[in-house]
Amino acid sequence: MLSLRIVGSGLIGTSFALALKGKGYKVQMHDIDPDIARLANDLVSGERLEKVDLVVFALPSYALKMVINDEYQLNPNSTFMDVGSVKVEPIREVEMSALPLERFVATHPMAGREVGGAQSARGDLFQGRPWIISPSPQNSPDALQLVRALIEDTGARVVELAPLEHDRALALISHLPQLISSLVASQLLEKPQEWIDLAGQGLRDTVRIAASDPLLWREIIYSNRREISQLLSDFKADLDHLIASLQEKEAIGEKVARGRRGAARIPGKHGGIARAYTYLPIVIDDKPGQLGALFNECAAMKVNVEDLSIEHSPGALRALITLALSQQDAQTLSAHLISIGWSVHPPRN
């Protein structure tokens, strides 16, 4: 069975290790912080390995140049891959290093969580998610084949994008949303707390990723600044046009309508067509075991819950659980729960 050395014991590296350990691979975790490496090795049952088949750079792209030559000297016959958020810059770093570009495959898993670190790792983090490979013309077929096989063993779906195309795509779908979310959240700092206490799900959804690590995102944004700059200029022009049109209802409506059409292009779960869910509101008592009991009933009726939200006012004795289901599952579950005394309200689309 193949062996791996994963350099960087954060969320992605440790999740990668957990996914592959489940397939029987031998894994060794390494980190500049020995305590973090020890935690990751404990979590994944890491082993002491002298030589490995693959070295994974599971660290921010800006840190690659700090470790690349040392890792190549330790395993000069290995294949190497990274998992960073930009691709043009790491490939340039490899070209300036001792590591032959033919054995380095640039990749980027499109998965993550707001909370990082080995303690947040999940073996199913990549299941059904796109994992981008940005091959170079110099890459050996053997290196590409090995990396592709490992990625597929995590349950991810391999997508090929040229390095520059990757960076342009990520600027649009990841880096720009992060900056806009951060800017919206920063507007809350000087506003009265009693206003913010009124916040509903719309604001929470908009600023969710604003809780991300600022040091990590500082480096990501800087590394991809050329591609992000043009998107921000386009966004500014759109914002300026909206400001100038605030006296025109039709113009405002068109902006909202364009946004709705754009949102409809985002694929659904596992890369498929976006699904229209039915939302089933259920009021539960605020006492231990209620949520677990609800999911037991879902399992008993064999319905698939796609998503859920919980609204609970401080001091209230009840909470609102809203389940996202297919239309048929919503009808089935609603009828069942009502028949056994649950407080279920009419579903909505």
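**Salt bridges, sheet and surface of the predicted model**

Lys255 and Asp238 are joined through their side chains by a salt bridge, with an N to O distance of 2.5 Å; a salt bridge is taken as a side-chain nitrogen of Lys or Arg within 4 Å of a carboxyl oxygen of Asp or Glu. This pair links distant parts of the chain, Lys255 being in helix α11 and Asp238 in helix α10, 17 residues apart. Lys255 is partly exposed at 23% relative accessible area, and Asp238 is partly exposed at 40% (buried, under 20%; exposed, over 50%; partly exposed, in between; 1.4 Å probe, protein chains only). The model is predicted, with local features requiring pLDDT of at least 70 and side-chain atom pairs pLDDT 80 or more, while totals for chains, interfaces and linings use all residues. Residues are numbered from 1 along each chain as its sequence is written, and side-chain values use heavy atoms, without hydrogens and water.

The whole structure contains 12 salt bridges. Among them, Glu160 and Arg148 meet at 2.9 Å, N to O. Glu160 belongs to strand β7 and Arg148 to helix α5 (residues 141–153), 12 residues apart. Both are partly exposed, Glu160 at 48% and Arg148 at 29%. A further salt bridge joins Glu254 to Arg261, with the closest N and O atoms 3.0 Å apart.

Seven strands form an open sheet of mixed pairing in the order β2-β1-β3-β4-β5-β6-β7; strands (E, at least two residues) and helices (H or I, at least four) are DSSP runs numbered from the N terminus, and two strands pair if DSSP finds at least two bridges between them. Strands β2 (26–30) and β7 (157–160) are at the edges with a single partner each, so one side of each lacks a neighbour in the sheet. The twist averages 25 degrees from one strand to the next, with axes fitted to C-alpha atoms, for helices over the stretch in contact, and angles from 0 to 180 degrees between N-to-C directions. Strand β1 (residues 3–7) pairs with β2 in the parallel sense over 5 bridges, and Leu4 stands opposite Val27 in β2. Helix α3 (residues 64–74) packs on the sheet, touching β1, β2, β3, β4 and β5, and makes about 170 degrees with the direction of β3; contact means heavy atoms within 4.5 Å.

Asn75, in the loop between α3 and β4, is buried at 4% relative accessibility. Beyond residues up to four places away in sequence, Asn75 touches Arg5, Glu50, Lys51, Val52, Val55 and Phe80.
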